[in-house]
Amino acid sequence: MGWLFYTDRRVQTYADEKAEIARLCTFETDTRRTTLVKASKVGSTWYAAAKVESLGRTSLEDRTYMIDDDGSFTFGAVFLTRTDDGCWGYKDMEESAGPCESRAPMSILHLLSELKDPDSYAHAWRQRCRDWAAIPDYAEGDKIKLASPVSLSDGSTCQIVTATHYKRGRQKRRCYRIEETGSLVRLSKASLAGSELISSEMAEGSAVLAEFFAQQRP
């Protein structure tokens, strides 16, 4: 399915978006009813858990999902969103399509029904979401070994770094000091996948940053 944009501009706020995601996840046929259980927005993408229940006497059956004890099953859905000339739009995918966007919170994954096929696209998507959630959130002063060297814009690489921060205005921005050179670098969360903690040093300020600036003084 392609993108669908609302030209009436009725979706303008976060609350509008959430209400629209709930509406899109709520529909009914003669035999089934689907309702939203939970939705979470990560960046510009909404992740949702939607429950399917039987409206008749016949028990539910599905090729992808195991039926839960209450006779229903819950699947994952992904809604890509963007705004074009003030008009909000979305593109929706079920987890069984194996969406590239795989940063669903664990609170969503915990609601989903078991899968019948361990080799399905949905299973692989859930594992990518778990891998993303498992990436550590390192603290100030933590020394880290990256899973593999990261290439930098100057052509060099780094693998051993220490977590620190710098300030921009009133905001703290996370950065890392390269072990070999002492230079500071910004790293994406994805580059920390598979990394390991070498040592941890709790600090109130940023001793690492103070040391870096001290080295810059003549």
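Two strands pair if DSSP finds at least two bridges between them. Helices (H or I, at least four residues) and strands (E, at least two) are DSSP runs, numbered from the N terminus. The model is predicted: local features need pLDDT of at least 70 and side-chain atom pairs count only at pLDDT 80 or more, whereas totals for chains, interfaces and linings use all residues. Residues are numbered from 1 along each chain as its sequence is written, and side-chain values use heavy atoms, with hydrogens and water left out.

**Figure 1. The hairpin of strand 5 and strand 6.** Strand 5 (residues 73-84) pairs with strand 6 in the antiparallel sense over 8 bridges. V78 stands opposite M93 of strand 6. Between the two strands lie 2 residues, and D85 in the turn has a positive phi of about 55°. Strand 6 (residues 87-94) also pairs with strand 1 (residues 4-5), in the antiparallel sense and over 2 bridges. Here F5 stands opposite G89.

Figure 2. Strand 7 (residues 143-151) is joined to strand 11 by 3 bridges in the antiparallel sense, and K143 stands opposite S199 in strand 11.

**Figure 3. S191 in the loop between strand 10 and strand 11.** A polar atom of the S191 side chain lies 2.6 Å from the backbone oxygen of S188. Residues up to four places away in sequence being left out, S191 touches L146 and V150 (contact means heavy atoms within 4.5 Å).

**Figure 4. The lining of the largest pocket.** A pocket is found on a 1 Å grid over the protein atoms alone, as an open set of points where a 1.4 Å probe fits, with protein on both sides within 12 Å along at least five of seven lines; lining residues have an atom within 4 Å of a point. The volume of the largest pocket is about 180 Å³. Helix 2 (106-109) and helix 3 (121-133) are the elements that give two or more residues to this lining. Helix 3 gives the most, with 3 residues. Among the lining residues are M106, L109, H123, R126 and R130.

**Figure 5. The cysteine C100.** A disulfide is a pair of cysteine sulfur atoms within 2.5 Å, and the count by this rule is 0. C100 is in no disulfide, and its nearest cysteine sulfur, that of C129, is 12 Å away. C100 has a relative accessible area of 70% and is therefore exposed (over 50%, with a 1.4 Å probe and protein chains only).

Terms used:
Buried < 20%, exposed > 50% of the residue type's maximum accessible area, 1.4 Å probe, protein only. Polar contact = N/O pair within 3.5 Å; in protein donor to acceptor, adjacent residues only side chain to side chain. Points joined across faces, edges and corners; volume = space filled by probe spheres on them.
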